[in-house]
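Visitor: Could you walk me through this model and explain the terms as we go?
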Amino acid sequence: MNFDSVTVVIPVYNDVQALKDAVPKVIPILSSLTSQYELIIAEDASTDGSAECAADYARNNPNIIHLHRNERLGRGSALTLAASKARGEIFCYFDVDMATDISHLEELLKHIREGFDIATGSRLLPESRIIRSTGREIKSRGYNFLVRLFLRSTLSDHQCGFKAFSISSIRMLLKETTDTHWFWDTEILVRAQKKGLKIAEIPVVWTEGQGTTVRSGDIWKMGRAILRLWWQLYVS
């Protein structure tokens, strides 16, 4: 397996300014890490100019691919589509606000090349350094506690949008993954552990971005999703 080839995905929904900031930073770093890469902008029916911005990037750089959808189907669904189109043997993604320090990308790739099926950033390891509001910190810790309690996970942080997979692992997991939005990250990691896949969790430097798109309604939906996945995996 050629682990020199890398697909990086940035999911985007109405994030035009963040997208304009992210791509010029990402391309030089990717180029320094591998000569075989593609950057997929998985843009999910944006209405703020993100689609046009992504299309411009793709026209001007053969290593950039713009995946556009006319109907918003969810962040997880956009990542699933990107995984089906990926040509790299390593599949990784991070959020467009680049809240996680991009310098950790090299470490993510290193763990996959060393034999891990998945490498995931964690904001909740003792060595992690994070800057975020008290309210969001409490919600995050509460959510991850429930995932560990009900879904028997041994990981500390399931929702950090900074992950890498061998392409064979992500495609295998997506055959069973059903969530299409924010719970997608959690479901992938829980199913991976249940299958005995090898996962590396790494501490990261993380700074809360401006205007997160996770809403209160999403939090309640994810709580229900925890119970639904618990029922699927351990009861039914």
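Visitor: Why is Tyr37 called buried?
Guide: Tyr37 has a relative accessible area of 12%, and buried means under 20%, with exposed over 50% and partly exposed in between, for a 1.4 Å probe and protein chains only, so Tyr37 counts as buried. This is a predicted model, in which local features need pLDDT of at least 70, side-chain atom pairs count only at pLDDT 80 or more, and totals for chains, interfaces and linings use all residues. Side-chain values use heavy atoms, with hydrogens and water left out, and residues are numbered from 1 along each chain as its sequence is written.

Visitor: Which residues does Tyr37 touch?
Guide: Leaving aside residues up to four places away in sequence, Tyr37 touches Val6, Ile27, Leu30, Ser31 and Asn63, where contact means heavy atoms within 4.5 Å.

Visitor: What joins the side chains of Tyr37 and Ser31?
Guide: They are joined by a polar contact of 3.2 Å, and the term requires a pair of N or O atoms within 3.5 Å, one able to donate a hydrogen and the other to accept it within protein.

Visitor: What makes H1 roughly parallel to H2?
Guide: The axes of helix H1 (residues 16–33) and helix H2 (residues 50–60) cross at roughly 20 degrees and come within 9 Å. Angles under 35 degrees count as roughly parallel, over 145 as roughly antiparallel, 65 to 115 as roughly perpendicular and the rest as oblique, and therefore H1 is roughly parallel to H2.

Visitor: Which residues of H1 and H2 make the contact?
Guide: H1 contributes Val16, Leu19, Lys20, Val23 and Pro24, while H2 contributes Ser50, Cys53, Ala54 and Tyr57.

Key: Axes fitted to C-alpha atoms, helices over the stretch in contact; angles between N-to-C directions. Helix = DSSP H or I, 4+ residues; strand = E, 2+ residues; numbered from the N terminus.
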